[in-house]
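Today I opened a new model and looked up a few things in turn. Here are my notes, for anyone who likes to follow along.

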Amino acid sequence: MEWTTVEAAGGAKLSVRLFKPAAPVEEAEDVAVVLVHPYTILGGVQGLLRGMAQGLAQRGYHAVTFDMRGAGRSTGRASLTGSSEVEDVVAVCRWVADTLKPRAVLLVGSSAGAPIAGSAVDKVDQVVGYVSIGYPFGLMASILFGRHHDAILKSQKPKLFIMGTKDGFTSVKQLQNKLKSAAGWVDTHLIEGAGHFQMEGPAFDAQMVDLIVNFIKSLPK
């Protein structure tokens, strides 16, 4: 693991952590995975994604976590709607592309990190796909994050939406209705009986890693 700092638009200095594979894994694709943490204002920090990042590194992938502005060790101020944080995601993805020089970058967003990451997908050419874990599409959550919906729904890049069937922010029907208008290739994976915050816990890390790796392997070369 390595720590570094990446500067984003507006001068925010972001604390970034790189998880490297201990040894090459033959079947691993040359894709770096950037993970975007849950809502800063509710205590979201990159540490919540450590288990997934470690799991991805064990499978042979470079994985990157970071604190968005105003979270953890990063400077700057968090925004209520995640609008400023989109630039944080863009900055980290560009740093990954320039520094690690992978064939491609995959963006993974957890909870409020999903809409924020979704707004960054088409802002970075090297990003080839997107995975959402518990995207808050529900009515109340849309008051905060509705402005992000169009960006990911209109993107032609492959998308995977993972959600628990007991998610308190989005019902299965709300998810399905939203994705009816989505462009490009869209897949969903429902986890029976799982709640929104449950899926952020370590008990689901291994399952999330499996889903992310399988999604990477399904992407066009």
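**Ground rules.** I am working with a predicted model, where local features need pLDDT of at least 70, side-chain atom pairs count only at pLDDT 80 or more, and totals for chains, interfaces and linings use all residues. Residues are numbered from 1 along each chain as its sequence is written, and side-chain values use heavy atoms, with hydrogens and water left out.

**Strands.** I took helices (H or I, at least four residues) and strands (E, at least two) as DSSP runs, numbered from the N terminus. Strands pair here if DSSP finds at least two bridges between them. I found β1 (residues 2–7) antiparallel to β2, with six bridges; T5 is partnered with S15. Five residues separate the two strands of this hairpin, and G10 in the turn has a positive phi of about 85°. I also saw β2 pair with β4, antiparallel, over four bridges, with F19 bridged to A63.

**Burial.** I called a residue buried under 20% relative accessible area (1.4 Å probe, protein chains only). Six of the seven residues of β2 are buried. In α1 (residues 50–58), I noted M52, A53, G55, L56 and A57 as buried. Their cover includes β2 (13–19), β6 (127–133) and α7 (205–218), where contact means heavy atoms within 4.5 Å. Just after α1, G60 has a positive phi of about 100°.

Terms used. Buried < 20%, exposed > 50% of the residue type's maximum accessible area, 1.4 Å probe, protein only.
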